[in-house]
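Please look through the sequence and the fold below before reading on. The paragraphs after them are meant for someone who is meeting this structure for the first time.

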Amino acid sequence: MSVLPDPGATRAVLIGTSHYDHLESLPAVSNNLTALAEALTGPTSWTLPQEHCTILSNPTTAETTMAAVRAAAEQARDTVLIYFAGHGLVDPEGDLYLAMPQSKQQRVETGLPYRWIRQALLNSRADRCVVVLDCCYSGLVLGTMGGPSDLADQAAVEGTFLLTAAAETRQALAPPDETFTAFTGELLDMLQTGIPNGPELIDFGALYRHLRIRLAAKGRPDPQARGRNTGARLALGRNLACLPTTTTTPSADGEPATARSWPSPSGIRTVRGFFKSLTDVRVTSGLTHQMVSQRSGGRISPGTVSRLLNRESLPKTWRTTAAYLSACGVPDQQVAEWNAVWTRLLTDTTTDAAPRTVPQPRQNQKPTTLQRLTGRVSRRNRRSRDRRSGSS
């Protein structure tokens, strides 16, 4: 089953170089970064908090770039995504390195060796790692980016899904008359328009297959992909071409349809992820707030539905959430799973928020033996000083 990551436990680093001192510049890369960040933080994709999506536009040093990559890899518990757009170059040993603004051909010290990113991801504690490379190996004439067929093999990382624009010996285009590079532009368009008759969630497996179809139809190079473990089932966003409409009618017996692929609560790690998934339940149901209220039998009002989905802290009681899930049509077994997640998160947040008790000195406490002896010595010393002062 395809799943969206928990936004509270997910990190993304978007790296792009659009200006080069010694290679052809790629102005479209700057647009790539802005649009992809908007998609990842938007309501139909990962809904990442702004602080969880780092943009590095024209980073000046590999050290600065790697600091952001390592931070994301260390902080993520669900998913970490690394995206790069720009020129990709090959060092004398045949390894890939990513071009920074001052990079030069055959000068690996002027760029960022991909193996550094790979190692950082191997050390990550995230469940899933995703790498998206929209890059070339060498600076070609303005508007083109080239890359050989073994790019995916060179960039393979354990536990990740790798998606790359390079395809055999053909060039991956960055047309000068288009807003985005060819590969990223198609990816963004798919997130914005969806896949007709496609799955409810656009996972990376489906994304790759349809990217190949769409790019081939335009006579553009084929992308490549390599998935490991369950990486291909990680979703990048909801399929806007097949979202239920708000005019969804109940089944013949008057109950909501239960055959939908409901968002699973099993991957929820944070409070933010809890409410993101609750919102996805309503989107999957195809119901408006008013319709959810009606189907609850008056147990919750439309305003209560809105307030529930826009909360920042967990409700202290389960009743409203249970009524909401049942009204949307979620089966009782899954409602019980949601209850278990709510209980776990509520316990965790209560424990984290509990103030630490600092022992305070008791009032009217009798002095200790040491304090009494210290006081006596102090009083003797004062009397002795007074006598000496009086005789002088």
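What follows is a walk through parts of this predicted model.

Strands of a sheet pair through backbone hydrogen bonds, either parallel or antiparallel. Strand S9, made of residues 160–164, and S12 show the antiparallel sense, over 4 bridges, and within this pairing leucine 163 has alanine 225 of S12 as its bridge partner.

The rings of phenylalanine 161 and phenylalanine 204 have centres 5.5 Å apart and planes at 40 degrees, so the pair is tilted. Because phenylalanine 161 lies in strand S9 and phenylalanine 204 in helix H6 (residues 204–217), the pair ties together parts that are 43 residues apart in sequence. Phenylalanine 161 is buried, at a relative accessible area of 4%, and phenylalanine 204 is buried as well, at 1% relative accessibility.

Another pair joins phenylalanine 274 and tryptophan 338, whose ring centres are 5.5 Å apart and whose planes stand at 75 degrees, so this pair is edge-to-face. Phenylalanine 274 belongs to helix H7 (residues 271–285) and tryptophan 338 to helix H11 (residues 332–353), so parts that are 64 residues apart in sequence are tied together. Phe274 and Trp338 form one aromatic cluster with Phe275.

Burial can be followed elsewhere too. In helix H10 (residues 319–328), 7 of the 10 residues are buried, so the helix is largely enclosed by the rest of the structure; among the buried residues are Tyr324, Leu325 and Cys328. Just after H10, glycine 329 takes a positive phi of about 110 degrees.

Glycine 237, placed in strand S13 (residues 235–238), counts as buried because its relative accessibility is 0%. Leaving aside residues up to four places away in sequence, glycine 237 touches Leu4, Thr44, Ser45, Leu191, Leu201 and Ile202.

Conventions
Residues numbered from 1 in each chain as written. Predicted model: local features only at pLDDT ≥ 70, side-chain atom pairs only at ≥ 80, totals over all residues. Heavy atoms only, no water. Pairing = 2+ DSSP bridges. Helix = DSSP H or I, 4+ residues; strand = E, 2+ residues; numbered from the N terminus. Buried < 20%, exposed > 50% of the residue type's maximum accessible area, 1.4 Å probe, protein only. Contact = heavy atoms within 4.5 Å. Phe/Tyr/Trp six-rings, centres within 6.5 Å; stacked < 30°, edge-to-face > 60°.
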